[in-house]
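The following questions and answers are intended for a student who is learning to read a protein model. Please study the sequence and the structure first, and then work through each answer in turn.

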Amino acid sequence: MEKNKSPLANQCSFSGIKPAMTDMPYPPLQVKEKNQGYAALLSVDYCGCVSEMSAIAQYINNENRLSCTKCSIAQTILGIAMAEMMHLQKLGEMIYLLGGVVDFAARQRSGKKQLWTPAYLTIPESPKDMLVADIEAEKAAIAQYQMHMRMMDDDCVNAVLSRIIQDEEYHIMLLHTLWKEI
């Protein structure tokens, strides 16, 4: 480095950031019985196109790109990503309890496996467009969870999915607020 030139540094602090979640406990992670079909549905929520894995990757990418210029927005997005990580963990545990395999492959009814890919992500350039893409992804996740809940006759699993939906709705509210601030 040249003498008398100071290095560029990100001044945004992420110390103390907590997961952005509603203040409600999660139901116990349990299932009525093993069910490969239900495990396959949850594998789509875990790592399909519309999934917690996709949400985490998209949020972390947006947080990284915003942290040097829009610190408060980046901090909130990191909190949302942390909540999505918790959702991923809960889905993985339920897949295992249902007798499924947790391996970053979404399983279709046909038996076809599709590995998670970053091609699932929407990575716009502008901060406003990033937030719009994040809102749309949250809405798609809620719709998918609701569809999967209708397909599963397991009150234990559906209670956890219902609780995850509450966080996703909270994320939409946070993202709308951030969008208005830009």
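Q: In which loop is the place of Phe104?
A: Helices (H or I, at least four residues) and strands (E, at least two) are DSSP runs, numbered from the N terminus. On this basis, Phe104 is placed in the loop between H3 and strand S1 (105-107).

Q: What is phi of Phe104 near?
A: This model is predicted: local features need pLDDT of at least 70, side-chain atom pairs count only at pLDDT 80 or more, and totals for chains, interfaces and linings use all residues. Residues are numbered from 1 along each chain as its sequence is written, and side-chain values use heavy atoms, with hydrogens and water left out. Phe104 is a residue other than glycine, yet its phi is positive, near 65°.

Q: Is Phe104 buried, exposed or partly exposed?
A: Buried means under 20% relative accessible area, exposed over 50%, and partly exposed in between (1.4 Å probe, protein chains only). Phe104 has a relative accessibility of 38%, so this residue counts as partly exposed.

Q: Which pattern does the chain follow along the sequence?
A: The chain contains 5 helices and 2 strands. Read along the sequence, these elements give the pattern α-α-α-β-β-α-α.

Q: How far apart are the end C-alpha atoms of H3?
A: The expected span of a helix is 1.5 Å times one less than its number of residues. H3 has 27 residues and should therefore span 39 Å. The model agrees, since the end C-alpha atoms of H3 are apart by 39 Å.

Q: Which residue with a positive phi follows H3?
A: The phi in question is near 95°. The residue that follows H3 with this value is Gly99.

Q: Which residues form a disulfide?
A: In general, a disulfide is a covalent bond between the sulfur atoms of two cysteines. Here, a disulfide is taken as a pair of cysteine sulfur atoms within 2.5 Å. A search of the whole structure finds 1 disulfide. Its sulfur atoms are 2.1 Å apart, and they belong to Cys12 and Cys71.

Q: How many residues apart in sequence are the parts that Cys12 and Cys71 tie together?
A: The link of Cys12 and Cys71 is right-handed, with 80° about the S-S bond. Cys12 lies in the segment before helix H1 (36-47), and Cys71 lies in helix H3 (residues 71-97), so the pair ties together parts whose separation in sequence is 59 residues.

Q: Which helix gives the most to the lining of the largest cavity?
A: On a 1 Å grid over the protein atoms alone, a cavity is a set of points where a 1.4 Å probe fits but cannot get out, and lining residues have an atom within 4 Å of a point. Grid points are joined across faces, edges and corners, and a volume is the space filled by probe spheres set on the points. The largest cavity has a volume of about 30 Å³, and its lining includes Asp45, Val50 and Tyr145. The greatest contribution, 3 residues, comes from helix H4 (residues 127-151).

Note on methods
1 Å grid on protein atoms, 1.4 Å probe; cavity = no way out; pocket = protein on both sides within 12 Å on 5 of 7 lines; lining within 4 Å.
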